[in-house]
Structure formats: C-alpha cells, structure tokens
Amino acid sequence: MRISDNDLEKKLRESKEEIKESKKDNAYEIYENAKGIDSKKVNIFSSIRFYKIASALMIIVCIVLVIVFSSANAKLKSKPRNVIYYEGSSGNSASSLALDNSISLTSLDSLKEMVSSTSFDRQVISGYVLAADESILSKGDTGSIGDSSWASTSVPGSSTSTYKTNTQVDNVDEADIVKVHGDTIFYIPTQNNYRFYYYSSDKEYTPTYVYVLKTSGKSVDIAKKIEYNYTCEFALGNEEASIYNYTYSVPMDLYCSDKYLIVRVNTYTYDELKENGTSTRRYNYHVYAEIQIYDIEDYSLVTSIKTAGENISTRLIDSDLYVVNNYYVYDDDYIPSIIIDGVTYKTNLSCIYYCPRLGASYTYYTAIYKITLDDDITVKDYYFLTPSINNIYVTEKAIYLIKSYGSQTFDLGDNKKENCTTSLVLPISIENEIYAQSIVTVKGSISDKYWIDEYNGYLRIASTGSRNTFKVLKGEDGQEYNYGYQSSVFNYLTIFKLDDKGEWVEYSSIKEGLGEKGEQIKSARFNKEICTIVTFRQTDPLYYIDLTDHANPIITSELKVSGFTVYQHPYKDNYVIGIGYESDANGRTLGYKIALFDISNKDDIKQVGDSITFLYNRNSDNYLYYSINAINNPKEIMIDLDRDMFGFEIKDYRRVYKNSNYTYQYEYKYYVFKIDLSKDNPLSIELAKGLTCDSDSYYSSTSNSRMVFIGDYYYLVSKEEVVSYTYNNGFSQEKTKKLN
Amino acid sequence: MRRITEEEFSKKYDLYKPMLYNIAYSYLKNTSDADDIVQDTFMKYLSTDKNFDTLDSEKYFLIRVCINISINLLKSKWKKDVVKDDSITDVIYTSHDSSNIDYFSLICSLPLKYKSVMVLYYWEDFSVEEVAKALNISTSSVKKRLERGRNMIKDKIESMEDSYEN
C-alpha cells in the first residue's frame, strides 16, 4: 500500500492521540522535594571558545597573583583600630568538652586527606564516623559535661508598641529587609533580589539602596540612601572578542544593634565574553558573604567584613552577630580566607575543627563567624567539617545546623531494604566557647526551622518523610534486582535529651498516630509545653500534642478541616492563627486560607468562626491565582498582637487570553487582619491597600512591601513609596511619600 | 535550589509538563515511567542555578534534559529487562486498511535520533528552526532526519502490506 505524503503527515500528527494520559499532576510535591537540594555552585559554560579565552585569562591571573603575592608579603598587616580579628580562636579558657568534641587538625596534610578521602559518604553508623585517620578518632569520648543548663526560653515573638521582626525565638534576632530602630526605619526595597541574573546589557541597570527613613508621626523623611551599584571592568580582548568583568553588590538584609546598622551584601562577579554581538557569561564561584557595618547615628561605613563561603543564615543575639556559611573547598582552598576592609587574612589551621560526633562528608566546612559589635568590633571564625547544611535553628545557647539528606538506604536484613529520608541536626554550643556537640539523627525531613525547638533541656523535632521498603533478589548474573516496592509516609515527633556524656540521646517519641495514611506534616509549632502539628493529604488534621511530661508526649486531640496550615502563630497562649491553603476533597489546592483555632481545651480543639479565603479561578484561558510569599517566610508577617492584628502582602495574578495572546496582570495588596474574640467570626480584614507594582515582573514573585509600626503610627513601605497611617480603631489619615 | 516561588514553578509546570510527558512517553511507552521522567526533569530544573537568557532557552533545556533522562532510563532497562524492545517488526497488522496502522508505535519505534525530531515536529508542532534550537543541531540536520524518519515509516508500511499480500 502506498501512502501519500499528505496522508502520512496527517496520520503522524494524529498519532499523538494514542498517548495514554499522565497519572500525576504534582507540581507542589516536586517543589517541596526540591527544597532540600543544594544548588550547584558552578555554572560552567562549555565551549571551545571559552577554554581558549579561559586559558588566556589564567595566564593573566597568574601574573597578577605573582605580583599581588609578592607585594602582600611586604604589606603591613595592621588592622583598623576598631576591628580586631583573632587568628586562631581556640586557646583562652578551653573546656575539656570543647577540646574533646572539636578537634583542631594538626597539619594541612591531615586536613587535605580528610577532605578528599570521603565525599558524600552517607553511611553514618550510630552517629559516629569511620575516620580516615584513626589517630584523630581516639580523642573522642572522655570528659564529662561541664554545664547542663541547656534550657533556653524559646518563646515565639509577640509584639510591643514598636515593630519587631517576627522571629522564631525571643531575643534571637533574624535578618530582614526592614527594621525599626527608635524612630528610624531601615528598608531594602529589592523587588527581586536575584534580578541581576536576568539583566541584559540593553537595559539600564538601576542600583539598589538601603533607605534610612526618619519618621515623625505621619511624616517620613529620607535621611539617607545608601547606594549599591555595579562596576564593569574591561579585562582583555580586541574588537572581535572581549571579556568584561562585572561586579554587582546587592544588599540582602539587615540588622540594627545599639551602635550599628549591619547590612549583609552579596557580591556577584562574572566574566562576560562579548563576541560578534552575542554575549555569554561565566559566573564566578568564589563567594563571600559580606557584612558591612555602618554607624547607626551618622550612617557612615565603619568596616566591611567578607566572610568565606555562601551564606546560609545569620542571627543577632545582643551584640553578637553570628554568620553561618557553607564553605566548599574549590581548587585546593583548604584554608579559607576572609577580607576585612580589603585586606585578606588566611585563617589559622587551628580554627578548622574535625568533630567525630558530627558525622560524615568532609567536602564542606560549616563556617561560623562571631562578630561582636561593641565599640571595638571583634571577629572570630570557626570552621567545622560537616555535610552541607540546609538551614539553622538558633537559641541563645546553641546554633543547630540542620541537614536533610535526601534518601538513605537501610538494610533491614532478610533480603529487605528500606530507603527513606533522614535528617541530621548538628548542635554547636555558643554560650561560652564555640564547640560542637553530638549529632542528632531523625528519619524524615525537617522542612523548616519551626519544626525544631529546644525547651528546658529537651530538643523536640518534628519530621516527615516517605519510605520505600523493597526486597532484593540476586540474579544469576550477580546483579541485584529490586522488587516488591511498598511505600508509605511517616510522621515523627522525636524528643532528645542531653545525657551526662554530653550526647543528645533519644528520650521519647510519637511515631504513630500523626497523620492518617499518606499524610505528611505541613507545619509544626512548639510553644513551651504545647505542640501543634498539621498533617495533610486530602484533609487537614490539626493535632494538639501535650508535652507537659516530655517522657510521655501524647496526642490529646485532633481537628479535621479542609486545606492545611503552613504557618502557625500562637495568639494569647490559647489560640493558634493558621495561615495556609484551602483544598477540595481530593486534596487539590483551591487557594489560601486564614483561620483561628481555639486550643484552650487540649482534649477538644476547634476552629473559631469562619476562615478568610482567597480562592483561585482555574479557568484555562483566564485564570486567577493568588500568591502569598509570607507563608514561606514568616518574617514577612507583621505581628501586632497587642492590637490583635497581623498583616502581610498578597499578590494576585491573572492570565487573560486576548487577541490570540496571553497577557499577565499582577496586583499587589497589603492586607491587615484583625482578631476580635467578642465576635462569632473573630477574623476580619482591617486594611487592604493596593500597591504600585513594577510592570516588568515576570520573574518577580513579591513586591516585598512591609508594614511596620511605631506607637500609633503605621508605615507601609514598598519599592515606590511609604504610606503612613494613624491607627485608632481603624487605619486613617493616609499619607504617601514617594521613595524616588 | 533554584530561586523560584512555588506559584511561579507551578505555572512552568503547567506550561511544560504536557510536552515533556509526551516526549518521555514516546521513549518509554508507559505512563509511570513517563511520569517519573517528567518529575526527574523538573527536579533537575529546580536543583540547578543555570540561568536562561530567554524563555525559549529554558524550554529547550527542559527538552534536552527530558530526552537525556529518557534515553538513560531506556538504556538501563535494556540491560536489566529480558524482554526485547518492541520494534516495528513486532507489530502485527491484520488488515491493509491504512486506518488501522499504529502510527504512534511507528514513531515510538524509530531510532532515537529520528524519534526526537519527529516527536517535537509532529506532536508538539515545533517548526524546523525550533527543533534545531531545542536539540542543538542545524536546521539541515533536522530536515534530513525528518525526511529519513518519514521514509523509514513509509518503507515499513509499504513492506508490511507487501508481505501481507504475499
């Protein structure tokens, strides 16, 4: 049979109908799973041209290095008067515990051997690791615990008459893009902190700023704009092909202490090869997390400290700033260096600690910098050989490094194996000396820092994960075949206590009963002796867990509602504000929901009144979605519980099909919600203020508008303007001040 | 992880998933493998910081990743599975009526090089230029492969009929 070309074309196109429909539609699941992944640090552009130019660059760099190195030796290493860098942070009053748990390596060779020998070795055997060098391991288990006062008050942030950041732990401040100090507001209005990646040379690059806004009642004045811009330097080349080096500084977040304004700055550098009208980029992976310190009175720059590695997070406790970075050893940089005001200091080998109790994988150092912000600024650095860290939880006594590994396989014996997620928590004591404690392992992932809490010496951790059990068959060819997969989801609440050897041991747990079949934990919140956990697959049980006796944690009641809460905030100790998603009976999300739960009776928790919802319209051509960034970043929520209010920004975006084209429209609004317990439906919207938004916003997800308050005055800051209000049983006397 | 919010990612997922699923399906010919490949493709997308100058280059990246993962999975299956891969010759036709010919299987059974251009051109309605950009080959290669793919299919149809008639 012959077939004409036209017929064949038609049949080939129609054959698409034979494709069987997909069974999965799980964008949310993929996104959640991806959260634990470390992103690749290097973007290597591969092409022959690149290597040619790169080798030319290398020669130039080598020449430059020779010059710099020879001049550095002659350079006076005099430090600025009030910035003191302690080379080698051990010494002083080392407790025996500190020495036993955190061992300084004696030579660069032993460090190198350790770092290159095992990378990503995930076999952690009961919390200890088979070290490459046995002699180091022998110094591990002696010594008794010095002080057992591990108790810290881990109380959720409430409010006073001046705005404070919504932090997880009282007295432990977290960096944010807006801070209030007296009558001054400091604000970084970055609409999209990463927008420079999409910057192409035909657009005008606009610098970013830290705004210093002085308030006086409703009036707002721009006292100063601290500018951050970019530099472009011609590196080498000719008319045909040339390389430019770009350096961008972008302020990321800030703190205020008594004396200083502290700004964390990211510096991105890349080389751009311009050739025949096209340009390609190679990003520089040598990263520093820069801390700029300004005087809080006159906003003059006091010092700039470039800490090594990629920043994970920071905290400010009184006048101590802790900077926690992931440092990866590239190109034999076994010894990190930091740059203070342009002068490079190589750290001392004795600051790099190997801790037998911290587990495997030495390709990363977790770098912890303690910067004390008194009249003299002192810098101390500590590097711990650890796996790479996803997140941290910090109390006044310790920094807990959190690592959710992804999956690990366990041998269950009898030709059965189990593959499930595991997480590590690595506590680093910061009270006096900085030293590592012992590793804590849980099965499952710790999805955010609110899932871990320390109270009165007990470390409580909520985790969720999935496990695949399967059987293993050895074929005749010696190969292993896996079959009989059974997967299930599990949710654990595990409680650890410090024993007298200074190790965290599992004390009690809840391993059954949290969540029905297939449900995963979506949010957890600890408030002293109460823990509320939300699990979800199709409905949302909210569980109340009584922790008055840590030896016996009990689920005392559960409440089933639709949707699920992602962020919980305690209100007046008897209530919980839940912000999350609404969903239908099949578990598909329908939009966002804000609800109030009454947990005063631990045996019978219930929702109070109606929830406030923002529901999507999923019409395929003209759809409407909402986006609330604050639920994934609780610092964005303004907590004003003295006035029974809280607020955050909500974005709505629509796709409209018009003239055979899709157009996207965005609108940002700032909402303030009020709770009035005297009403049947206590939740209401007190303010919904539309914000001016940037039209070039395909890649922006929020406008990052925030509201803060000083006494009776409220200030809504956004990229374009500051809107101020007087609050007296309602927002009134709106006044706008442009920021440009 | 890539710096993208869940809502933005969800938009991209809705946009690209059908196409990636179809590509994966053409290689693995079953829904669960195709679903897994789609998932792996998006995971790879989320776990790399790679920057895309245009939306198109993002799309082509996803396509290439998807094809690579599909081919890798296919190869590992060939090693483990005892079952022969179903090629065109295994399909039995009982009638010479062209409407009963399984064009879908014919495309799926093409050698990998031709399959990817056929799938993008016929199922996803890519132009020749777009296929070239997506697979990083020249437009003349695309045209040649399309022609050869079509000819292979034509030959198969004609030879089937001839053998039937004989």
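**Close-up views of a predicted model**

**View 1. The surroundings of Arg525(A).** In this predicted model, the side chains of Arg525(A) and Tyr567(A) make a polar contact at 3.0 Å, a term for a pair of N or O atoms within 3.5 Å in which, within protein, one must be able to donate a hydrogen and the other to accept it, residues adjacent in sequence counting only if both atoms are side-chain atoms. A polar atom of the Arg525(A) side chain also lies 2.9 Å from the backbone oxygen of Gln568(A). Arg525(A), which belongs to strand β30 (residues 520–527) of chain A, is buried yet has no salt bridge, and the nearest side chain of opposite charge, that of Asp453(A), is 6.9 Å away. Buried means under 20% relative accessible area (1.4 Å probe, protein chains only).

**View 2. A salt bridge between the chains.** Glu9(A) and Arg150(B) meet through their side chains in a salt bridge (3.1 Å, N to O), that is, a side-chain nitrogen of Lys or Arg within 4 Å of a carboxyl oxygen of Asp or Glu. Across the interface of chain B and chain A, four salt bridges are found.

**View 3. The contact of chain B with chain A.** Contact, meaning heavy atoms within 4.5 Å, involves 51 residues from chain B and 56 residues from chain A.

**Notes.** Residues are numbered from 1 along each chain as its sequence is written, and chains are lettered from A and ligands numbered from 1 in the order in which they are written. Local features need pLDDT of at least 70 and side-chain atom pairs count only at pLDDT 80 or more, while totals for chains, interfaces and linings use all residues, and side-chain values use heavy atoms, with hydrogens and water left out.

How values were computed. Helices (H or I, at least four residues) and strands (E, at least two) are DSSP runs, numbered from the N terminus. Buried means under 20% relative accessible area, exposed over 50%, partly exposed in between (1.4 Å probe, protein chains only). Lys and Arg count as positive and Asp and Glu as negative; His and the chain ends are not counted.
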